[in-house]
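Open the model in your viewer and switch to a cartoon view. Keep the selection tool at hand.

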Amino acid sequence: MNTERMSPAEVRAGVSLAGVFGLRMLGLFFILPVLAVHASTIKGGSDLTLVGIALGAYGLSQGILQIPFGMASDRWGRKPVLYAGLLIFAAGSFLGAAADDIWWIIAARTLQGAGAISSVAMALAADLTRERHRTKVMAMIGSMIGFMFALSLVGAPLLYRLIGMDGLFVLTGALCLAAMAVVRYQVPAAPAVAAKKNPAGTLRRGMLDPELLRLNAGIFILHIVLYAMFVVVPPLLVHGGLALAEHWKLYLPVVLVSFVFMVPAILYVDRRNNPKPVLVAAVALLACAELLLGLLDAGIGTLAVLMLAFFIAFNVLEALLPSLVSRLAPAEGRGVAIGVYNTTQTLGVFVGGLLGGWVASYYGTTAVFGVCAALVVLWLFIVFGMRRVPAVNEVPRAAL
């Protein structure tokens with residue numbers, strides 16, 4: 001067998017788990033492009049701070065529960081925990097369909113986040129693939145998330161006009177139930193979970209390993225920036241003369257072109273086994289995009305160019321960061337380590353929504369981009385201190 005190529009089982013694992021992520025994330029993303037505009041039509045929705053909380057509320061509950069879900073999957077297996085999390089997420093979606101004010105939407109988004117399966121699904125992807133192919137699998141998942149994000153940016157405004165916010169929440173719940181079917185019939189059986197000799201030590205390594213801390217800080221900042229931006233970008237496009245139902249005309253080409261630029265970067269990492277230059281370049285590009293968004297008086301054309309730069313960086317980082325976490329984490333505690341990673345990611349979602357709403361309320365749109373730029377520059381300094389990642393035939397330092 002040619003060990004340089006992915007086996008059929010690895011391809012199936014990557015494609016099916018990417019599908020699970022895609023169906024779930026599509027539901028979450030359907031809300032993101034329209035909620036800031038829809039909120040002005042419901043009780044309490046004129047308060048941008050509450051709108052930001054509604055956007056990021058699922059991140060708080062998901063952040064709290066990522067590590068327990070990861071630990072549960074290490075003990076009882078990946079698939080049972082996946083089913084439980086997807087059911088909880090679907091329940092939150094159907095609650096959202098019944099919401100008639102901003103507070104009920106916050107409650108629904110919080111319940112959605114309680115289905116904290118990201119760490120479990122990513123740990124399962126790592127379990128089912130050899131380390132040399134893990135970047136490819138994580139790139140499949142990251143690309144699927146990016147594609148679903150693009151699809152939501154195009155489809156959400158159109159669907160909102162046709163079925164309203166209630167219909168979008170119902171559709172989100174239905175997609176989550178479909179993801180359960182994918183887990184049942186398409187995702188390969190998980191390997192047996194090895195018993196941990198020292199669970200406390202594994203948890204400490206997952207939380208305190210210096211290199212994992214760098215990656216966790218990065219994904220935290222990345223999602224602060226993403227959700228803070230989407231408090232202000234959709235209204236900014238509307239004010240620029242692009243109606244909500246036409247936002248896809250900007251988002252679709254921008255995200256699709258960003259995929260074209262993402263592929264060479266991921267292939268470079270996979271072939272050269274040297275992720276640091278790509279990581280530094282992507283963070284630097286993100287910082288430039290945020291700085292220019294804050295400095296320029298952006299019309300629609302300028303926004304399109306800067307959003308393209310943003311999504312190139314975002315898609316590369318979404319694919320690269322989880323792959324690095326899975327390589328540095330100890331195999332017997334991978335669910336815990338990825339749970340810590342996803343905790344910081346989803347807490348970034350909550351902080352981003354809250355921070356973006358609060359800053360926009362008191363200091364305006366330009367200040368939101370300024371805060372985002374400052375955070376990304378801080379991340380750039382963190383990335384510069386990153387050590388060499390072990391080659392695929394080496395033992396990760398976190399496992400020693």
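The tour below goes from the whole chain to single residues.

**The whole chain**

Keep in mind that this is a predicted model. Start with the cartoon. How many helices and strands are there in the protein? There are 13 helices and 0 strands. Read along the sequence, the pattern is one α after another: α-α-α-α-α-α-α-α-α-α-α-α-α.

The accessible surface of the protein comes to about 15,200 Å². Carbon and sulfur atoms hold 69% of that area. Of the 400 residues, 59% count as buried. Contacts reach across the sequence too. Take the contacts with a separation of 6 or more: 86% of them join residues 24 or more positions apart.

**Stop 1: the nonpolar core**

Hide the surface again. Select Phe230, Phe310, Phe311, Leu317 and Trp379. The largest nonpolar core has 130 residues, and these five touch the most other members. Which helix gives the most to this core? Color helix α6, residues 134-185: it gives the most, with 19 residues. In soluble globular proteins, nonpolar side chains tend to be buried together.

Zoom in on Trp379. Leave aside its neighbours within four places in sequence. Trp379 is then in contact with Gly218, Ile221, Leu222, Val283, Leu286, Leu317 and Leu321.

Next, show Phe310, Phe311 and Phe314. Together they form one aromatic cluster.

**Stop 2: a buried histidine**

Select His223. This residue lies in helix α8, residues 210-239. Is His223 buried or exposed? His223 is buried, because its relative accessible area is 8% and buried means under 20%. Show what surrounds it. Neighbours within four places aside, His223 is in contact with Glu318, Gln345, Gly348, Val349 and Gly352.

**Stop 3: salt bridges**

Show the charged side chains. Side chains of opposite charge can pair when their charged atoms come close. How many salt bridges does a search of the whole structure find? It finds 3 salt bridges.

- Select Arg78 and Asp127. Their closest N and O atoms are 2.7 Å apart. Arg78 lies in helix α3 (residues 78-97) and Asp127 in helix α5 (residues 118-127), so this pair ties together parts that are 49 residues apart in sequence. Arg78 counts as buried at 3% relative accessibility, and Asp127 is partly exposed at 22%.
- Move to Glu211 and Arg214. Here the closest N and O atoms are 3.5 Å apart. Both residues lie in helix α8, 3 residues apart, which is about one turn of the helix. Glu211 counts as buried at 7% relative accessibility, whereas Arg214 counts as partly exposed at 25%.
- Finish with Lys249 and Glu246. Their side chains meet at 3.7 Å, N to O. Lys249 is partly exposed, with a relative accessible area of 46%. Glu246 is partly exposed too, at 31%.

**Stop 4: aromatic pairs**

The structure holds 7 aromatic pairs. Select Trp358 and Tyr362. Their ring centres lie 5.6 Å apart and their planes meet at 45°, so the pair is tilted. Why are Trp358 and Tyr362 separated by about one helical turn? They are 4 residues apart in helix α12, residues 334-363. Trp358 is partly exposed, with a relative accessible area of 39%. Tyr362 is exposed, at 58%.

Tyr363 is exposed, with a relative accessible area of 57%.

**Stop 5**

Turn the surface back on. Select Leu291, Leu292, Leu295, Leu296, Val377, Phe381 and Phe384. They make a nonpolar surface patch of about 690 Å². Which helices each supply at least two residues of the patch? Helices α10 (275-295) and α13 (365-384) do. Click on Leu295, which is found in α10. Leu295 counts as exposed at 68% relative accessibility.

**Last stop: near the start of the chain**

Go to Ser7. This residue lies in the segment before α1 (8-38). Ser7 counts as buried, at 16% relative accessibility. Ser7 and Arg130 are 123 residues apart along the chain, and their C-alpha atoms are separated by 9.5 Å.

Definitions and conventions: Residues are numbered from 1 along each chain as its sequence is written. This is a predicted model: local features need pLDDT of at least 70, side-chain atom pairs count only at pLDDT 80 or more; totals for chains, interfaces and linings use all residues. Side-chain values use heavy atoms; hydrogens and water are left out. Patches are made of residues with over 30% relative accessible area and no salt bridge: like charges are joined within 9 Å, nonpolar side chains (Val, Leu, Ile, Met, Phe, Trp, Tyr) within 5 Å. Accessible areas come from the Shrake-Rupley method with a 1.4 Å probe; for residues, only the protein chains shown count as cover. A salt bridge is a side-chain nitrogen of Lys or Arg within 4 Å of a carboxyl oxygen of Asp or Glu. Buried means under 20% relative accessible area, exposed over 50%, partly exposed in between (1.4 Å probe, protein chains only). Rings of Phe, Tyr and Trp (its six-membered ring) pair if their centres lie within 6.5 Å; planes under 30 degrees apart count as stacked, over 60 as edge-to-face and the rest as tilted. A nonpolar core is a set of buried Ala, Val, Leu, Ile, Met, Phe, Trp, Tyr and Cys residues joined through side-chain atoms within 4.5 Å. Contact means heavy atoms within 4.5 Å.
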